[in-house]
Amino acid sequence: MIAAEKELYEVWSVALIAVALVFVPYLAMFRRRRSHDHARKLEASVLGVDRPVAQYPHVDPAVCIGCGACARACPEGDVLGVVGGVAVVINGLRCVGHGHCATACPVGAIEVGLGDLKSRTDVPLLDDDLETSVPGIYVAGELSGLALIRNAVEQGRRVVDRISAAGASAPRRGVPLDLAIVGAGPAGLAAALRASRLGLQCVVLEREASLGGTLLHYPRRKLVLTRPVEIDPWGTLDRDEYAKEELLDVFADMVARFRIDVRFAHDVNDVHRHDGFFELRTPQASFAARSVLLALGRRGAPRRLEVPGEDLAKVTYRLQDAASYERQRLLVVGGGDSAVEAAIGLAREGRNQVHLSYRREKLLRVKRKNQEAFDKLVGRGRIQPLYGSEVERITADAVDLRLAGGEARRIENDYVFVLVGGVPPFDFLRRIGIHFGGSAAPTAREGAG
């Protein structure tokens, strides 16, 4: 009996040791992760990056079990964490709307959306049909606050379906157009295709000289997130990512095949109601339509540094072809994905000397894969980051910067790429009567590098 008890004791001892060897390291790792997430949350709150400008995960704390599956599923890696046993948004600026967190949550505690629009000063107030506070004017795409091409396409389609259903039997009374679409990006072109399928007369007004909307400002060969989506009646974008050039070719095929009426270099500067319809004015012409879809994007006009020398020919506000720069001294200004992608592209080409100037102490808003590629190039000496710096003056062959602590530094330079975002078209929207949430006027917070 004693021998049996001793044997049982030994078995239990071995089992307890085995459990301890597994459980204790796991518990230590669990505590380290929670402590790390707590520190990240505090830092993000201080820096203001926990407050998103578009869609983001909404966590129901009453349902969340704090398992961390959402944080592990996020491709961006830094949006969510677990603090106090509940998943929380840590870096909301990095959320691009993948929605993988909601899919991974085992208890359904997460929904990706825009939150309460009544408190959002940076998103137009829209009803369930994406109609603004001005009856007959709709918004789709980035301007609605949702990122990803899939969302833009689905919104463009929804708006046209709503317009078709509401005006199926209403005569145009001499107005030639059922719909005027402002913007030839994914939302605008998807809406135009749907209008063609439904027999609606429409025109697309694009201020640029070619198709693509915001995509035009992306660097050459940049991969664009889409997630599979059907574009009726053209077909289906069936991959998660496409190169910029592939999508632009798709858009050109849509326009050619379905004979979409796109007017390039038509910058709409006024929209007003006149005798029961809308009149849209551009420098070249005016257009009358029963309904208007604003698919403008959020970028607007490029944001300037407002420093001496910024009007020199060496300064540009977008990079399209990094391969055209070889053995050049280049400065990229900004800390978002556009700036980081430009620096990466330029550093990989032609033995360029690349600096990146960013006013904060580290990158905070970039996608994980961009951060990893950037860090590798920094480690190899191909990119020299100048954190905590601001441009003070640009000359023909140099740039003067002010570093943290007030130190001045001059770097020799051939070209400057100012990629600090754009000024969203909020003033234009307010001018034509569209309301935003909150008590304050909408701000151009996003994109400020």
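**Close-up 1. Ile-137 and its neighbours in a predicted model.** In this predicted model, Ile-137 touches Leu-130, Glu-131, Thr-132, Val-271, Phe-278, Val-292, Leu-294, Ile-432 and Ile-434. That list leaves out residues up to four places away in sequence.

**Close-up 2. The nonpolar cores.** The largest nonpolar core has 62 residues. Which of them touch the most other members? They are Ile-137, Leu-237, Val-271, Leu-280 and Leu-294. Helix 5 supplies the largest share of this core, with 7 residues. A second, separate core has 23 residues. Among them are Ala-322, Tyr-325, Leu-356 and Leu-363. In soluble globular proteins, nonpolar side chains tend to be buried together.

**Close-up 3. Helix 5 against helix 6.** Two packed helices are described by the angle between their axes and the distance between the axes. Helix 5 covers residues 186–198, and helix 6 covers residues 244–258. Their axes come within 11 Å and cross at roughly 25 degrees. Angles under 35 degrees count as roughly parallel, so helix 5 and helix 6 are roughly parallel to each other. Their crossing is left-handed. Helix 5 makes the contact through Pro-186, Leu-189, Leu-193 and Ser-196. Helix 6 brings Phe-251, Met-254, Val-255 and Phe-258. By class, the residues of this contact are 7 nonpolar, 1 polar and no charged.

**Close-up 4. Helix 4 against helix 5.** Helix 4 spans residues 149–166. Helix 4 and helix 5 pack at an angle of about 35 degrees, and their axes are 7 Å apart. This crossing is right-handed. On helix 4, the contact residues are Ile-149, Ala-152, Val-153, Gly-156, Arg-157, Val-160, Asp-161 and Ser-164. An α-helix has 3.6 residues a turn, so residues three or four places apart point the same way. On helix 5, the contact residues are Pro-186, Ala-187, Ala-190, Ala-191, Arg-194, Ala-195 and Leu-198. What classes make up the contact of helix 4 with helix 5? It has 10 nonpolar, 2 polar and 3 charged residues.

Close-up 5. Is helix 7, residues 337–347, mostly covered or mostly uncovered? Helix 7 is mostly covered, with 10 of its 11 residues buried. The buried ones are Asp-337, Ala-339, Val-340, Glu-341, Ala-342, Ala-343, Ile-344, Gly-345, Leu-346 and Ala-347. These buried residues pack against strand 18 (329–333), strand 19 (353–358), strand 20 (383–387) and strand 24 (415–418). They also pack against helix 8 (368–379).

How values were computed
Residues numbered from 1 in each chain as written. Predicted model: local features only at pLDDT ≥ 70, side-chain atom pairs only at ≥ 80, totals over all residues. Heavy atoms only, no water. Axes fitted to C-alpha atoms, helices over the stretch in contact; angles between N-to-C directions. Helix = DSSP H or I, 4+ residues; strand = E, 2+ residues; numbered from the N terminus. Parallel < 35°, antiparallel > 145°, perpendicular 65-115°, else oblique. Left-handed = near helix turned anticlockwise from the far one by under 90°. Contact = heavy atoms within 4.5 Å. Nonpolar A, V, L, I, M, F, W, Y, C, P; charged D, E, K, R; others polar. Core = buried A, V, L, I, M, F, W, Y, C linked by side-chain atoms within 4.5 Å. Buried < 20%, exposed > 50% of the residue type's maximum accessible area, 1.4 Å probe, protein only.
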